[in-house]
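Thanks for coming. Please have the viewer open.

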Amino acid sequence: MNRKGMILAVVMVMLLMGAVLSGCGKSADTNTVKIGLLNEMTGGNATFGTSSANGAKMAFKEANAKGGVLGKQIVAVIADNKSEPSEAANAMTKLAMQDGVVAVTGGFASSNAIAASSVAESAKVPFLVVGATNPKVTVDDKTKKVKDYTFRVCFIDPFQGTVGANFVLNTLKLKKAAIMVDSSSDYSKGLAAFFREAFVKGGGAIVAEEAYLQKDQDFKSVLTKLKSMNAEVLYVPGYYEEVGKIVKQAREMGINAPVVGGDGWDSPKLVEIGGAASLNNTYFTNHYSVEDNSPASKAFVDAYKKEYGQTPDALAVLGYDAANLLIDAIKRANSLDKAKIQAALAATKAFPAITGATTLNATHDAVKSAVIIEMKDGKQIYKATVKP
Ligand code: PHE
């Protein structure tokens, strides 16, 4: 063989090897489906992401035991957004561009979900949000258009804020409220505004509104200002890290008025940070109560306790619901094509989720009931369910 022939032979062998290798790769790929789990695994909202990922992993495990989806085993690709919007965008880019996932689902504080959804939209990857409740998650704030590829399995804050306001007016029967808003969070700013609107409409008055930032430690100067306004109730639509400290410091300062908030309170850490006694006489709106005694809910709570050794919070059950809804959408799409999965998600009707039958409406949001929880001696006590 001459030199030219040698080179040709080597190239041929290399090409052949390449073909065999990529063939192997493909045949492995055809047996699995990759789904991204993008969550707050670390940082200030870490319990949200951990719970949501646990719920989703349980759903995938159950589905895989029954043969997976479209005959393929589901592989979860875990990504951490570190509780930061910029990290959420980076993590979504990696899932979409490098990992080759067919869809993404995840926990989520609203600001992180908004950042991740812009990437999902440009990459055209279906993104099923678990718990972010701000309207801007599914509707673009600038164009006011519904985002094609972003959906969620939870209710939104215009509803949650109204439920909170009506609870204060009609159940606690209080009319003078002060608000403390986390101005670094889209969730907190939105929920405060929706609460205010409904509260004033219902005949209440907002006597003061003060701001704080995520990661703040000392709330006493803000609380001193609020104390002098003699509000009958304090509305704090924040996240558990800061809410725990706010309630603790308020009680230390002799502010004994009821404190009311939203789903951002829901974390096993709330009591650890705030203390059981300080949290007495506080209430929050949420997606789910473990006291829901429907058979499906009971079965889920038992299975979750067995798997993780703890009681599920709202994000665990919503994470489980989102993963199951996504699997159902892939089955209905009968394809791993992202545009087809998007269309199937948009067509979701009465999906039997643990948090209630889930229909995704024109703005890609779920319309479902909220529950009101009272904190009593460190325990969450179910008070009421409010239908949309
Ligand atoms: N709703 C919160 C947000 O939008 C996130 C959250 C959901 C927190 C569910 C707790 C439980 O930021």
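I start with a definition. On a 1 Å grid over the protein atoms alone, a cavity is a set of points where a 1.4 Å probe fits but cannot get out, and a pocket is an open set with protein on both sides within 12 Å along at least five of seven lines; lining residues have an atom within 4 Å of a point. Grid points are joined across faces, edges and corners, and a volume is the space filled by probe spheres set on the points.

Now the ground rules. This is a predicted model, in which local features need pLDDT of at least 70 and side-chain atom pairs count only at pLDDT 80 or more, while totals for chains, interfaces and linings use all residues. Numbering runs from 1 along each chain as its sequence is written, and side-chain values use heavy atoms, with hydrogens and water left out.

First, the cavity. The structure holds 1 cavity of 30 Å³ or more. The largest cavity contains about 140 Å³ of space. Its lining is made of 18 residues, and F48, G131, D263, G264 and L315 lie nearest the centre. Helix 11 gives the largest share of that lining, 3 residues; helices (H or I, at least four residues) and strands (E, at least two) are DSSP runs, numbered from the N terminus. Where does the largest cavity lie? It lies between domain 1 (29-155 + 293-369) and domain 2 (157-286), because both give residues to its lining. The domain bounds come from an automatic or database domain assignment.

The largest pocket has about 430 Å³ of space. It is lined by 21 residues, and D266, P268, T311, P312 and Q380 are the closest to its centre. Helix 9 (269-274), helix 11 and strand 14 (379-386) are the elements that give two or more residues to this lining. By class, the lining has 11 nonpolar, 7 polar and 3 charged residues. Here Ala, Val, Leu, Ile, Met, Phe, Trp, Tyr, Cys and Pro count as nonpolar, Asp, Glu, Lys and Arg as charged, and the others, Gly among them, as polar. The largest pocket also lies between domain 1 and domain 2, since both contribute to its lining.

The second largest pocket has a volume of about 290 Å³. Among its 19 lining residues, G44, N45, S83, Q214 and K215 are the closest to the centre. The lining of the second largest pocket divides into 3 nonpolar, 10 polar and 6 charged residues.

Now single residues. T285 is in strand 10 (residues 282-286). T285 is buried, at 2% relative accessible area; buried means under 20%, exposed over 50%, and partly exposed in between (1.4 Å probe, protein chains only). The side chains of T285 and Q160 are joined by a polar contact of 2.9 Å. A polar contact is a pair of N or O atoms within 3.5 Å; within protein, one must be able to donate a hydrogen and the other to accept it, and residues adjacent in sequence count only if both atoms are side-chain atoms.

Last, two backbone angles. Most residues other than glycine have a negative phi. K144 has a positive phi of about 60°, and N334 has one near 55°. K144 is exposed at 56% relative accessibility, and N334 is exposed at 59%. K144 sits in the loop between strand 4 (127-129) and strand 5 (150-152). N334 is in the loop between helix 11 (314-333) and helix 12 (338-346).
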